[in-house]
Amino acid sequence: MDEDEPKAVEPELDEEDEWQLYASAGYASTGFILDETEEIEDKQPDDVWFDGDDSDFEGNTVNWDAPPCPAPLGIAHLIKIGVCDFCLHRIGGRRSDERGAEAGAVLRGEAYVRDKELPSKVTQDFCPLCENLFEDIGNIVERVSESLSGTDYSTIQFGIHLPKDLIQEEDRIRSKYGAPGSYPLKSALVEAIHHRIRSVNNRVDFVKEKPDIMVLVDGLTLRIDVDVRPLFLYGRYRKLVRDLPQTRWPCRACRGRAEGCESCGGTGLQYPDSVQDLIGEPIKEALDADDTSFHGMGREDIDVRCLGSGRPFVLEVKRPSKRDHSLDDLVARVNENSSGKVEVDGLSWCDRSKVRKVKESRSEKTYTIRFRADDLADEETVTSAISSLSGVVIDQETPKRVSHRRAAKTRRRKVISVGSILVEGDEVQFSARCEAGTYVKELVHSDEGRTVPSVQSAIDRECEVLWLDVEEIHADD
Ligand SMILES: [Zn+2]
Ligand SMILES: [Zn+2]
């Protein structure tokens, strides 16, 4: 791994995409709350309706010619075929002060007054429009609340999946008998769920994107998936010590299995600490989260420090129970926990899009490099030879040390400037500002002539890199 090597941006889906994919795959094409495309697509010509499985409605009680609501005959017809009070309200076309079932009950009461025989003509007690799903709303909300107990949130997004045949049936009946402006089943269900939740928690907002909590309800099985969405924190870290990997490094002997092994002392880790965990663990604890992921702007070798204003990163906090926490306190916890190995100046909340920005960013970097070489010429000659690399474009073949995981190719990179050259005995220290993606160690030792030109070729001596620091990452926030 090279400190300055741009981290490959994998073509993997990020979780947001995965979630959307899951939502639309697992839930067929019914999509989310207000996505009525399926209902439109599946709308069939009216004549198909009569060839369908409509035997329930056959017989003397069904009036195929009933007018649509709000005509009294339309309402009477819906009551006959067993429509529930919730559905009667949403497609009956009469608005009243009541809501939901209560409003439907008013319509039903009026219809019964008009036609005393009507109650005896009801053909089924199972609502053909919703299969009595509205009766399950209390149960659904109860289970959602239960799974969220102890979790902070202020916004929820609901998705509901309904069986295709129910949607088709509902659409046929509603488009034939429903009043103009009838409310489709899916949005009516979601709204009823919202209303029920509001009655117990009036601080929650229902949103259509970027919720704290995403809930998917399966109308067929009543299965509920409650997803606590991750939080994202942006910051910059300074890595003040060497021998500290940026990310968790699983034990080579046991490959990081949970119980670990003898060689890793049961930790499963090759190195006990990492930048990821020194920053992530105290935050995970403070927000009572399940886990964290670390997204850094590029990586650094384990033996490279990162100084200056630090390396930008985004910490993803998974399934946090707390969402509202003082950022200053989080910063203090990180700095305390890392006992001088890592420092963070500030943190800010951000969203997932920042992960991609940070990963894809290609910033110039300034390094301090110290190397050793035998038989150095005098200081002036060495200084002028190294200075000659300032502003030079170099060709770098893929270094041997990374060739097992990178395609062989030649990169052209610019060494923007070179300075602060210090010759001390057989050691030389200098700073270099380089274009993003420069292999800096190779710039010094040439990787057996695979980087041209190099410090080694400029001073005509074999160079051994002693250490390297990232002095500054020239990134905009
Ligand atoms: Zn119904
Ligand atoms: Zn191990």
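Aspartate 288 sits in the loop between α10 (275-286) and β6 (291-296). Those labels are DSSP runs numbered from the N terminus, where helices are H or I of at least four residues and strands are E of at least two. This is a predicted model, so local features need pLDDT of at least 70, side-chain atom pairs count only at pLDDT 80 or more, and totals for chains, interfaces and linings use all residues. Residues are numbered from 1 along each chain as its sequence is written, while chains are lettered from A and ligands numbered from 1 in the order in which they are written.

Back to aspartate 288: its phi is near 50 degrees, a positive value in a residue other than glycine. As a rule, most residues other than glycine have a negative phi, and most peptide bonds are trans. Aspartate 288 is partly exposed, because 15 other C-beta atoms lie within 10 Å. The cut-offs, with C-beta atoms placed from the backbone, are 20 or more others within 10 Å for buried, 12 or fewer for exposed, and anything in between for partly exposed.

Lysine 210 also has a positive phi, near 50 degrees, and belongs to the loop between β2 (205-206) and β3 (213-218). With 12 other C-beta atoms within 10 Å, lysine 210 counts as exposed.

Now for the cis peptide bonds. One runs from cysteine 69 to proline 70, with omega near 10 degrees, and proline 70 falls in the loop between α3 (46-51) and α4 (72-80). Another joins valine 452 and proline 453, with omega about -10 degrees; look for proline 453 in the loop between β13 (451-452) and α15 (455-459).
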